Amino acid sequence: MVQEPDDGDFKGRFIDDYQREHGFTIPNRRVIIDQTRVRLIAVASTGSGSKLKQGGQHTPTEPVAISQTYFEDVGFTDVDIYNLPLSPGMIISRPSIVIDSTAGVTIVIEPSCTATVTEDLDLEIHVENRANASADKESEDFVDPVKLSLLGHRFMGIAEQMGRTLQRTAISTNIKERLDFSCALFDQTGGLVANAPHVPVHLGSMQDAVRYQIRKLKDSWLEGEVIMTNHPIAGGSHLPDVTIITPVYESGKPTFFVASRGHEADIGGLTPGSMPPFSVNLDEEGMAVESFKLVENDLFREKELRSMLEEAGSRQVKDVISDIRAQVAANNKGIALMEDLMSSEGAARVQKYMKEIQNTAAVSVQDMLRRISIERGLKPKDSVYAEDFMDNGLRIKLKLTIDRDLGTAEFDFAGTSAEVGDQLLSFLASSTDEGCTIPPALTSRFGICRFTGT
């Protein structure tokens, strides 16, 4: 709903709201008024609101006691203790505790905060933003386990909210009802930091997709530009899984990336749904995009996208375009939430704990490998073997060598059948999908690990 703006320009306000919500605008598009609401606002005749007392002489209320209290930033310090009511216009500029014994309420005024008593005896507290200062004071080597857990869940919560935005704004059955999509956050190198518990096969390969674009585009990837890709060579899976990647810049450099991958209804190819069972080359499966700037100069390049879909033979162009717009909106939601987090915690601290979450995940995987080695009675460096067959008789053979001292594993697929001449092939990004070696509890939270594989 668009409330009436002061200048009466409803369309301008709608376009501004659309830009903020979706991260782009669509020029020369008609705006349809779907519904009109009238809201009446009445102003109460009593009460003047929380007004600060201007001028006049006021006798400050004296503290009833002084006590020692511990604060995280300054340690133990003297605090003044007051009982309500306080004098109008009074300013409290040092750590204090204000007690309202009638209501059973205690108000703590922390260091670097200032409280002012209003004309109506309300207490207005100004809280200084100390996020960057706290981050500067924090030792580079110190990792607060509580903060690590809180930020880890915060990152995951942001990815989940991206997913809810995508589900709510998409229109296809694949995304809205089957929930065939994934959303995730990545650090400035493209390394996976947090993913919501969506489709596991997407999550490891999405990291490869982000890093591929970083390597390919380099400095030509500008702030505000959104990239679309689905090609297997660029970290994609099968072609209907389209990945949308958005960078977030600070001081001219990308600080992190957000991405969403959704299974589009139809991107062309031999059969509806773009998954022909007898295809022998990529073109027969539909539109294949290695790297395409979907949003450029704050404009959604719908004409070019429509042309690519039609050329590939898509049977549901409008639905696909709508779902891709929804993915861009989901990314924009993640960016807004991450910017709020950096505003409260400081960019340096957020980036620090992104790395620590990755380190924690790596240690967890190393511990898991050592536990497997011990439970199976293996030597400090030893191997386990597995073999299975596809329905058509193709062999999958694996030799897994675990080095207990280093906490690493080597995957050797020697003896596996060669590539086949149909669509049942595993791409590199999927073969190194990190979800295959992460403990389930960790996958749902952070979904990242480091291991050696060949």
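Me: What share of the contacts in the protein chain with a separation of 6 or more comes from residues 24 or more positions apart?
Reply: That share is 56%. Keep in mind that this is a predicted model.

Me: And how much of the chain is buried?
Reply: 42% of the 454 residues count as buried.

Me: How many helices and strands are there?
Reply: The protein chain has 10 helices and 17 strands.

Me: Let's take a helix pair. How do α6 and α7 cross?
Reply: Their axes cross at roughly 135° and come within 10 Å. Helix α6 spans residues 302–312, and α7 spans residues 317–345.

Me: Which class does that angle fall in, then?
Reply: Oblique. Roughly antiparallel would need an angle over 145 degrees, so α6 counts as oblique to α7.

Me: Left-handed or right-handed?
Reply: α6 passes α7 in a right-handed crossing.

Me: Which residues meet there?
Reply: From α6, Glu 302, Leu 305, Arg 306, Leu 309 and Glu 310. From α7, Val 317, Lys 318, Val 320, Ile 321, Ile 324 and Arg 325.

Me: Switching to cysteines. How many disulfides?
Reply: The count is 0.

Me: What about Cys 113 and Cys 183, buried or exposed?
Reply: Cys 113 has 6% relative accessibility, so it counts as buried. Cys 183 is buried too, with a relative accessible area of 0%.

Me: Next, Thr 255. Where does it lie?
Reply: Thr 255 is in strand β12, residues 253–263. The cut-off for buried is under 20%, and Thr 255 is at 8% relative accessibility, so it counts as buried.

Me: Which residues does Thr 255 contact, leaving aside neighbours within four places in sequence?
Reply: Asp 187, Gln 188, Val 248, Tyr 249, Glu 250, Met 342 and Gln 351.

Me: Last stop, Asn 281. Where is that found?
Reply: Asn 281 sits in the loop between β12 and β13, the latter being 292–296. Asn 281 has 37% relative accessibility, so it counts as partly exposed.

Me: How far is the Asn 281 C-alpha from that of Gln 423?
Reply: The two C-alpha atoms are separated by 7.8 Å. Along the chain, Asn 281 and Gln 423 are 142 residues apart.

Terms used: Residues numbered from 1 in each chain as written. Predicted model: local features only at pLDDT ≥ 70, side-chain atom pairs only at ≥ 80, totals over all residues. Heavy atoms only, no water. Disulfide = S-S within 2.5 Å. Buried < 20%, exposed > 50% of the residue type's maximum accessible area, 1.4 Å probe, protein only. Axes fitted to C-alpha atoms, helices over the stretch in contact; angles between N-to-C directions. Helix = DSSP H or I, 4+ residues; strand = E, 2+ residues; numbered from the N terminus. Parallel < 35°, antiparallel > 145°, perpendicular 65-115°, else oblique. Left-handed = near helix turned anticlockwise from the far one by under 90°. Contact = heavy atoms within 4.5 Å.
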